[in-house]
Amino acid sequence: MQPSPSEGNPYNGLTRLEPTLPSASYWDEASYRQDLEAIWYRNWIFACREADLAEPLAFRRFRIGTQEIFVLRDETGTLRAFFNTCRHRGSQLCRQESGRLKARLITCPYHAWSYTLRGELARVPSKAMPEGFDKADYPLYPVALTIWRGFVFVNLVQTPEISTQTIFDPASGDLTNWPLEDLVSGHSFSKVMNCNWKIFWENFNECLHCPGIHKDLSKLVPIYGRGLMTRHDDPEWMHHADNDAPEFSGKLRPGAETWSRDGFAHGPVFSGLTDAEREAGQTYVTSMPSMFIVGHIDYVRVVRLVPLGPEHTELTAEWLFLPEAVAAPRSNIDNIIAFGTQVLEEDAAICETNQLGLRARPHQAGVLMPEEYELSRFHNWVKEQHAAIDA
Amino acid sequence: MQPSPSEGNPYNGLTRLEPTLPSASYWDEASYRQDLEAIWYRNWIFACREADLAEPLAFRRFRIGTQEIFVLRDETGTLRAFFNTCRHRGSQLCRQESGRLKARLITCPYHAWSYTLRGELARVPSKAMPEGFDKADYPLYPVALTIWRGFVFVNLVQTPEISTQTIFDPASGDLTNWPLEDLVSGHSFSKVMNCNWKIFWENFNECLHCPGIHKDLSKLVPIYGRGLMTRHDDPEWMHHADNDAPEFSGKLRPGAETWSRDGFAHGPVFSGLTDAEREAGQTYVTSMPSMFIVGHIDYVRVVRLVPLGPEHTELTAEWLFLPEAVAAPRSNIDNIIAFGTQVLEEDAAICETNQLGLRARPHQAGVLMPEEYELSRFHNWVKEQHAAIDA
Amino acid sequence: MQPSPSEGNPYNGLTRLEPTLPSASYWDEASYRQDLEAIWYRNWIFACREADLAEPLAFRRFRIGTQEIFVLRDETGTLRAFFNTCRHRGSQLCRQESGRLKARLITCPYHAWSYTLRGELARVPSKAMPEGFDKADYPLYPVALTIWRGFVFVNLVQTPEISTQTIFDPASGDLTNWPLEDLVSGHSFSKVMNCNWKIFWENFNECLHCPGIHKDLSKLVPIYGRGLMTRHDDPEWMHHADNDAPEFSGKLRPGAETWSRDGFAHGPVFSGLTDAEREAGQTYVTSMPSMFIVGHIDYVRVVRLVPLGPEHTELTAEWLFLPEAVAAPRSNIDNIIAFGTQVLEEDAAICETNQLGLRARPHQAGVLMPEEYELSRFHNWVKEQHAAIDA
């Protein structure tokens with residue numbers, strides 16, 4: 001379920017035989033640590049939306065592998081991120097998941113070292129200082145932060161490259177016409193999946209599993225029912241090049257407007273979308289390794305991953321609507337939420353099933369089918385990320 | 001509680017001082033992995049009885065260490081075993097513990113790759129195939145399987161030697177006269193023991209613990225109450241060579257017919273047994289490392305081990321009877337089941353106690369007593385198995 | 001909260017910049033094993049009080065890291081300690097946490113090997129012995145034991161140096177005038193803290209955290225409310241050298257007699273204390289790494305640590321009183337117990353918070369403030385202990 005590559009590309013499918021990543025990379029403890037090191041600790045990771053930290057002095061904690069950070073909005077309105085660790089004796093600073101600071105200081109709960117909201121060490125409540133101790137040498141450990149249209153990303157690299165290209169997959173869709181900044185949260189859903197984080201992305205990156213796993217979704221998006229994501233995934237696409245029927249075009253089934261149980265939109269439709277965007281049914285934007293956004297005509301869904309261990313990954317989804325939709329009687333958006341939750345539960349369950357087969361000793365690696373061209377791209381990306389730190 | 005060696009051997013006991021295996025081999029993670037590699041993944045492992053897969057298309061999943069396999073009965077009635085892993089992306093194939101296939105195909109729940117019941121890749125529901133992809137190259141990973149009198153054994157070695165000698169301990173008893181093929185399950189019992197799998201086998205291999213641990217069993221089998229398994233375990237055996245009293249001969253206490261609470265048989269007695277077999281009280285057959293069978297005059301008990309970790313082992317017991325016994329009112333065989341369950345619970349509890357003492361730093365190894373001659377044989381077998389893969 | 005160093009030392013504070021131990025030493029599995037090896041398996045470890053084993057044949061089990069030992073009182077009244085492991089096949093010997101032997105023998109529950117209460121192998125219930133087997137070669141593995149004023153300490157080193165200096169921190173306070181031998185237990189409290197054992201000692205070794213963490217204690221002991229443990233922790237101490245007010249002297253707040261909710265003593269006051277000891281409010285004696293004792297005018301509190309893993313430590317506290325106090329109506333000492341429990345709960349909670357921040361990748365180590373001079377001493381001790389086994 002990855003955005004379609006350029007339409008100029010006549011056929012998307014893989015033509016050569018390619019193996020998957022080695023099986024052990026999905027369950028081995030050392031491989032997991034390498035993934036954290038090479039990928040999770042070196043890329044832009046989605047933390048939350050700006051709106052989640054609306055007020056000055058609001059803060060929120062996040063976990064990336066074994067690392068805990070917090071994001072706060074300072075008194076000037078700027079968002080900042082730091083490791084959640086005091087420079088004194090390494091205590092956790094923010095103990096609550098989220099909240100609002102009571103003062104313009106981050107104060108360690110242990111010995112009350114206090115930091116300005118810019119991370120400078122402001123106060124050390126000792127009667128004297130050791131010789132050579134300079135508060136300027138002990139700011140909070142900063143974490144790079146950038147904002148893209150209301151979405152907050154952090155990066156554990158000290159001075160990472162900041163650009164939309166480094167955050168989003170360049171092959172991603174375009175959500176320019178969606179009013180992302182104005183949306184509010186209608187619902188969120190979270191679960192721990194017993195699978196490696198890469199298994200979820202592989203699942204995301206193909207629709208071969210859709211006919212068997214997502215019966216309802218495959219009715220709503222008929223091309224998914226054919227095991228394809230987009231028109232050019234079909235080696236026979238030329239035979240139907242002008243056929244606008246949903247099973248070829250990728251559009252929703254006739255009469256359907258959005259991803260919901262009944263297919264109807266609920267609440268106001270986004271006004272700025274082009275005809276093509278309205279008809280597309282779904283538009284994906286992907287930020288590896290931590291999230292994707294999918295835009296529909298009346299809402300946006302944000303899906304986030306947090307790796308917890310070689311075989312455990314936290315999945316969180318949030319549904320974003322125009323404020324009017326959320327203010328309206330609840331039954332409307334429940335129709336939407338129930339549909340998306342079902343799809344995610346179906347994906348989570350089959351990801352866990354996939355994980356359970358990967359220990360077989362003769363299974364050194366799997367093999368990719370033509371429709372799994374995005375998995376090939378994903379695997380290459382993983383390999384490049386690992387190679388980059390080995391170099 | 002091992003079968004008696006040849007009666008021609010005047011005295012069974014160890015005469016020289018021998019240490020046990022090193023303590024760490026019972027709890028160390030690396031030692032455990034070596035046991036899996038050298039022993040569990042290279043020997044015939046008991047899976048189930050043929051009767052558990054009575055109908056064509058019946059299947060059952062099993063675990064051996066970290067490896068999951070399944071056994072199925074194909075449409076021709078042949079039993080086959082495979083790793084429970086799809087060749088495509090490594091998904092688990094059978095998700096249920098057991099059941100019956102709905103078609104003559106094993107279909108992966110993820111992307112619907114389908115395999116014939118012989119394991120051949122039959123169907124790949126992709127629109128095209130990559131260049132050079134040949135379905136013949138992607139059969140299920142086969143697991144060797146053999147059947148001995150209705151008992152199904154599997155072997156993760158690709159082409160293992162198949163012979164009764166490679167399955168059963170040649171010093172085992174002889175169950176030729178028991179109608180094993182005709183028996184049906186009357187009860188099963190399972191528990192996870194907090195001990196290394198070898199600790200259970202050591203317990204099985206001596207009766208020095210019987211007087212203290214198995215009070216009721218020691219009354220039923222008086223020689224056990226003397227800490228011995230068989231007549232020739234006694235260094236003074238010659239003084240009682242002609243004494244047929246149970247405490248010397250190994251027979252059940254006077255009046256007892258079988259292993260049960262009241263000592264009476266319940267249900268029909270097996271008709272083909274010799275007088276000696278009837279009088280023996282119990283006849284053991286052992287298949288290292290995964291199971292033993294003990295035959296009585298009216299039933300058979302099958303005990304199976306599955307290693308789950310260095311200090312965790314699953315124990316499963318099943319009681320097999322003639323169909324008439326199981327069809328009769330329940331109270332009869334409950335007398336039998338309760339007795340055997342008590343003995344197994346006693347063994348499991350003391351195995352866990354044994355495990356708890358093995359971490360003491362000065363305890364490099366224990367020491368064997370003369371009655372522990374079968375432990376010596378077991379330890380030598382373990383050492384040979386390890387040596388075989390190092391060679 | 002460490003006893004004050006010599007009053008001859010004008011200022012206690014650290015003057016040079018010193019780092020803490022490396023962060024990984026608080027959570028890394030290998031570091032934890034090194035701590036066990038170098039520290040816990042080589043020092044005198046507090047087990048229990050003599051009074052806990054009042055009667056001959058009484059026994060008690062203890063854990064030190066992965067090692068399990070037991071202490072018993074033999075028939076002559078002598079206390080002895082052994083690894084809780086049988087020499088035969090390594091079984092655990094004492095299965096109960098504590099109890100009383102039924103005979104003058106320690107009998108293994110597995111095969112009934114029996115040992116005298118001095119640890120000599122007395123009985124092997126086998127029909128014969130292997131050639132060269134000498135019972136004298138198989139005594140229980142002894143554990144060194146020494147008693148200090150009713151407190152039992154054990155040492156896993158075979159022949160450790162025994163002296164008060166090797167058990168107690170020489171900078172510790174002096175409890176000579178406390179009738180330690182006569183006290184009885186009024187209450188005990190135990191909890192597993194999710195932190196490394198060293199984190200608890202660091203917390204113990206400074207009072208910088210007192211104003212923020214121990215509000216009630218800081219009112220009772222006003223100098224703690226200033227973040228100091230003792231008069232000479234203040235770089236400005238000379239300005240108040242003659243000021244006997246509690247915030248400078250370290251005494252309890254005016255009107256308070258002991259550590260209790262209401263500040264009053266409950267039950268009889270110890271008669272042998274000097275005026276200075278009565279006024280001190282609290283007197284600490286420390287035995288690294290396993291315990292400290294704090295003496296008040298009417299009771300004594302004993303706090304014990306058991307490392308369970310890199311990030312798990314068991315904390316146990318026991319309140320000791322004169323027998324009259326415990327015999328009196330309960331409400332009296334509850335006032336004392338509730339106060340001490342609150343302080344320990346506060347310490348445990350902040351130790352867990354400290355632990356949670358130590359994984360941050362940029363946090364290689366923390367930094368010590370002048371008031372943390374006892375942490376510096378503790379860190380040096382840890383480093384010396386590690387160096388001693390590397391040498």
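**Figure 1. Pairing of strand β11 of chain C with strand β2.** C:Ile45 stands opposite C:Val154 of β11(C) in this predicted model. Strand β2 (residues 45-49) of chain C runs antiparallel to β11(C), and four bridges join them; strands count as paired if DSSP finds at least two bridges between them. Strands (E, at least two residues) and helices (H or I, at least four) are DSSP runs numbered from the N terminus.

**Figure 2. The hairpin of β10(C) and β11(C).** Strand β10 (residues 142-148) of chain C pairs with β11(C) over five bridges in the antiparallel sense. C:Trp148 stands opposite C:Phe151 in β11(C). Two residues lie between the strands, and C:Arg149 takes a positive phi near 50 degrees.

**Figure 3. Burial of strand β11(C).** Five of the five residues of β11 (residues 151-155) of chain C are buried, that is, under 20% relative accessible area (1.4 Å probe, protein chains only). In a regular strand, side chains alternate between the two faces of the sheet. C:Phe151, C:Phe153 and C:Asn155 are buried on one side of β11(C), and C:Val152 and C:Val154 on the other.

**Figure 4. Packing of helices α3 and α11 of chain A.** Helix α3 (residues 197-204) and helix α11 (residues 373-390) of chain A pack at an angle of about 150 degrees, with axes 9 Å apart; axes are lines fitted to C-alpha atoms over the stretch in contact, and angles run from 0 to 180 degrees between N-to-C directions. α3(A) and α11(A) are therefore roughly antiparallel (over 145 degrees). Contact (heavy atoms within 4.5 Å) involves residues including A:Trp197 and A:Trp201 of α3(A) and A:Phe378 and A:Trp381 of α11(A).

**Conventions.** Residues are numbered from 1 along each chain as its sequence is written, and chains are lettered from A in the order in which they are written. Local features need pLDDT of at least 70, and side-chain atom pairs count only at pLDDT 80 or more, while side-chain values use heavy atoms, without hydrogens and water.

Methods. Buried < 20%, exposed > 50% of the residue type's maximum accessible area, 1.4 Å probe, protein only. Parallel < 35°, antiparallel > 145°, perpendicular 65-115°, else oblique.
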